[in-house]
Every structure is written in C-alpha cells, then in structure tokens.
Amino acid sequence: MKKIFLPIFMIFCLSLTSCDSLSEEDAESYVKLIDEKNQYLGRIIIIQSRLFEGNRSREVARETLEFITGEEIVEKYLQEKIGTTSDVEMMELPTNSRSMRALHDKFLSAIHYFYLSQQALEESGYVRSTGIAEGYWHESRYRYLVFGHELCRYTSVKEFYESKGQEGKAFLEFCKTPKPERFDPEKNQGQSKFMNEEETEKD
C-alpha cells in the first residue's frame, strides 16, 4: 500500500504547484513586484509604533510637530506608495498558481490589519487610549514578519537583496532572526516596538 501511495501523493503534490512552493524564478519575479510596497509597509509599521509610544508617554505628544508629521507620513505612504487593500489584491501577479496567491494573501493580510489599525485610531478620535488600534497594529506587524520569513525560504529572493548592496542587507539579517510570535499582552504589557533600537537605526 505504501508503494502505491507515494507515487500518487507525489503526483497530487505536483498538481498543486510543488506542495505550496514557488519556483525560484516565480519567487524572484514576485519579490521584484512587491518590493517597494513591502519596504514602505515596514516603514509605516515602525513609525506607527513610535507614535503609539509617544501617545502613551506624554499627554501633549499629539500636539507636537514630530507627532503630526509622523501621522502625515503614514497617511502619505499608505495612499501613494502602498495603495488600498483592493489595489494590492488586484495586482497582476507573475503566475495565477495557488502558491503564488497564498503568498500574496500573506502580504495582503498585513496591509489589511494596518488599515484596521488606522480606522480604529480615527474612530477613537486619536485619544490617549488606543488599545484596539494597537491590537490591530500588532497583528499587522506579526503578519508582516511572517510574510518576510516566507520570502526568506527562496534563494533567488536572497540573491535579489544581495544585489541591492547595503539597501538589501537588512532583509538578509532579518532572515537570520527567529520566526515571529504573536504579541502576548500578558508578557509585553505597555510595549509596541517593532524592532529593537539597533534594528530601527538601520532603517
């Protein structure tokens, strides 16, 4: 029975595009397609974490020029560099395979939760208590990191970032980090940092 099952399983696997793995060529084509959007998403996740920290630590933080500028940058990057979730969903992908769509959905979900965070902030009137918005932000951050580790599986993607020199170094270092865990408010009460200080300085 085992001898019969193995070939059948292999055929089934191949019919599903190598069991949910992209070819190296398709992975490279995809990362080139979303690279700019992915970089800007990482930037606004970091900026938003700093805005949350400032909002909690100082009553007058929201009135400072730095805070207002940060909000404007987030909004600008969302509108001009990333686009709406519908825009990202409708992007023409290198292939229409299930594995390609599954990978793109991971990226899309990170953007979706960031938009939910922004929506929650607007609905709260940007008051000091932003727990719901921060919860969505943490989920966006988690999904963004999961997506990044998915890209790290592909040699062609790493080679693409190696070719970018210093600009791509951060991604290669990221690939050496442990896989992310969802934010646990019991363990990380009062924290909303995206990375440690050393990592944010590289951005």
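Mentor: A residue counts as buried when its relative accessible area is under 20%. The model discussed here is predicted.

Trainee: Is Ser156 buried or exposed?
Mentor: Ser156 sits in helix 8, which covers residues 155-162. The cut-off for buried is under 20% relative accessible area. Ser156 has 7%, so the residue is buried.

Trainee: Which residues does Ser156 touch, not counting residues up to four places away in sequence, and which backbone oxygen lies 2.7 Å from a polar atom of its side chain?
Mentor: With those neighbours in sequence not counted, Ser156 touches Glu24, Ala27 and Glu28. A polar atom of the Ser156 side chain also lies 2.7 Å from a backbone oxygen, that of Glu24.

Trainee: Is Leu151 buried or exposed?
Mentor: Leu151 belongs to helix 7, residues 131-151. Its relative accessibility is 1%, and the cut-off is under 20%, so Leu151 counts as buried.

Trainee: How many Å apart in space are Leu151 and Ala27, C-alpha to C-alpha?
Mentor: Leaving aside neighbours within four places in sequence, the contacts of Leu151 include Tyr30 and Val31. Ala27 is 124 residues from Leu151 in sequence. In space, the C-alpha to C-alpha separation of Leu151 and Ala27 is 7.7 Å.

Trainee: At roughly what angle do the axes of helix 8 and helix 9 cross?
Mentor: Helix 9 spans residues 166-174, and its axis comes within 7 Å of that of helix 8. The two axes cross at roughly 145°.

Trainee: Which residues of helix 9 make that contact?
Mentor: From helix 8, the contact uses Val157, Lys158, Tyr161 and Glu162. The contact residues divide into four nonpolar, one polar and two charged. Those of helix 9 are Gly168, Phe171 and Leu172.

Key:
Residues numbered from 1 in each chain as written. Predicted model: local features only at pLDDT ≥ 70, side-chain atom pairs only at ≥ 80, totals over all residues. Heavy atoms only, no water. Helix = DSSP H or I, 4+ residues; strand = E, 2+ residues; numbered from the N terminus. Buried < 20%, exposed > 50% of the residue type's maximum accessible area, 1.4 Å probe, protein only. Contact = heavy atoms within 4.5 Å. Polar contact = N/O pair within 3.5 Å; in protein donor to acceptor, adjacent residues only side chain to side chain. Axes fitted to C-alpha atoms, helices over the stretch in contact; angles between N-to-C directions. Nonpolar A, V, L, I, M, F, W, Y, C, P; charged D, E, K, R; others polar.
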